[in-house]
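The entries follow in the order in which I made them.

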Amino acid sequence: MANILLIEPKYKCKQPPLGLMKISYFHKNIMHDYVRFTKGELPSELAGTKWDRVYVTSLFTFEWKATIEAIEYAKTLVDSIAKITVGGIAATMLPDDIYKDTGIKPVTGLLNEPGKLGLPGDECIDQIVPDYSILDDIDYQYPFKDAYFLSATKGCGNNCGFCAVQTLEPTFIPYIDIKEKIAAIDREFGPKKDLLLMDNNVLRSPNFNQIIDDIIEAGFGKGATYINPKTGKTVRRYVDFNQGLDAVFLNEAKAKRLGEIALRPARVAFDHIEDRKIYERALRLCAQNGITELSNYVLYNSEDFGGKGRKYAADTPADLYDRMRITLDLRDNINKDLPENDKVAAFSFPMRYIPLSAHERGYVGSQWNAKFLRAVQCMLIPT
């Protein structure tokens with residue numbers, strides 16, 4: 001039995017580290033090792049523990065400082081850096097930078113090929129059941145915790161210039177059965193309230209109807225409820241395609257199917273003002289099919305980009321304002337003839353563009369300046 005340590009750097013994040021949760025399950029249930037998880041540094045009572053292998057995950061590249069600090073800390077816990085494995089988003093996007101700053105060559109991409117960790121059977125890790133029990137090792141509270149964290153597809157296919165998915169998940173996989181994973185999680189860790197799907201472009205899948213059928217069969221049809229084991233209260237369940245829905249692929253038939261599940265909210269990307277007609281059509285389709293919680297991801301501070309088979313111009317502060325205004329006006333227009341109980345809610349989630357190679361958050365787009373960006377931040381803080 002080996003001593004395995006999993007480290008998530010000390011950055012803030014809303015969701016637990018899914019990659020480390022899967023690695024934990026692999027080591028506990030297949031390798032039969034002892035596994036410990038920490039956020040940042042270990043508690044003092046474990047300071048003298050000898051670790052046979054240490055895994056350090058990474059998130060966005062602009063969390064570079066915290067990530068490098070975690071790797072340097074890991075070096076103090078082993079007698080050889082060969083026992084440290086670094087992976088995750090930043091490690092996949094900037095492997096040469098990781099090596100330059102730490103001397104460690106990271107593991108890149110998904111753990112879906114044999115030999116990436118040098119362990120027998122390691123090609124199964126990407127599709128393994130996540131180990132929820134490691135979250136009890138730390139005091140840090142993730143806002144999204146009581147949920148199934150799964151994917152019904154992988155990849156995207158749009159190849160947008162601002163997006164990391166084409167590097168992180170280069171191959172589009174149109175269908176993954178989530179039912180078996182939900183059943184396995186229920187058996188080992190107990191049922192979860194919500195279903196958070198990490199798909200990057202689920203509407204693109206030719207198996208979309210099967211995915212919706214799977215969601216309903218798993219207990220997440222429209223109006224689904226859940227009994228909280230701690231309070232005994234019955235609450236509503238929700239499905240969240242957390243990475244957003246691509247308005248290009250949304251049609252009447254798919255909107256109708258989305259209306260059959262406990263979707264909240266429907267997150268529809270509105271990254272470019274040029275996509276206004278496509279975006280407005282998507283929101284109307286959602287509203288017409290009983291989806292009353294609407295949201296949009298609004299990219300700002302960006303440059304000229306290609307994606308979805310076309311070219312997009314760099315956005316301006318006026319573009320950001322217009323896109324948020326369009327959402328509110330459209331909401332009001334949809335609601336004007338609806339009874340109170342059927343009215344829709346809609347909100348925008350501005351997402352600041354930062355280059356995929358950036359080590360910090362300070363990037364200022366060509367059509368922006370620091371004052372404009374600060375003004376957006378001042379609005380986001382209270383809202």
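Is the crossing of helix 2 and helix 4 left-handed or right-handed? I noted that the crossing of these two helices is right-handed, where right-handed means that the near helix is turned clockwise from the far one by less than a right angle, and left-handed anticlockwise. The model is a predicted one, in which local features need pLDDT of at least 70, side-chain atom pairs count only at pLDDT 80 or more, and totals for chains, interfaces and linings use all residues. Residues are numbered from 1 along each chain as its sequence is written, and side-chain values use heavy atoms, with hydrogens and water left out.

Next I looked up the contact, which counts as heavy atoms within 4.5 Å. From helix 2, Trp64, Ile68, Ile71, Glu72 and Lys75 meet Asp97, Ile98, Asp101 and Thr102 of helix 4.

I then turned to the second pair. Helix 9 (residues 276–288) packs against helix 10 (residues 317–335) at an angle of about 35 degrees, and their axes are 11 Å apart. This crossing of helix 9 and helix 10 is right-handed. Among the residues that make the contact are Tyr279 and Leu283 of helix 9 and Ile326 and Leu330 of helix 10.

Last, I checked the cysteines. I found zero disulfides in the structure, a disulfide being a pair of cysteine sulfur atoms within 2.5 Å. Cys163 is in no disulfide, and the nearest cysteine sulfur, that of Cys160, is 6.3 Å away. Cys163 counts as partly exposed at 26% relative accessibility, because that term covers what lies between buried (under 20% relative accessible area) and exposed (over 50%), with a 1.4 Å probe and protein chains only. Cys378 is also partly exposed, with a relative accessible area of 41%.

Terms used: Helix = DSSP H or I, 4+ residues; strand = E, 2+ residues; numbered from the N terminus. Axes fitted to C-alpha atoms, helices over the stretch in contact; angles between N-to-C directions.
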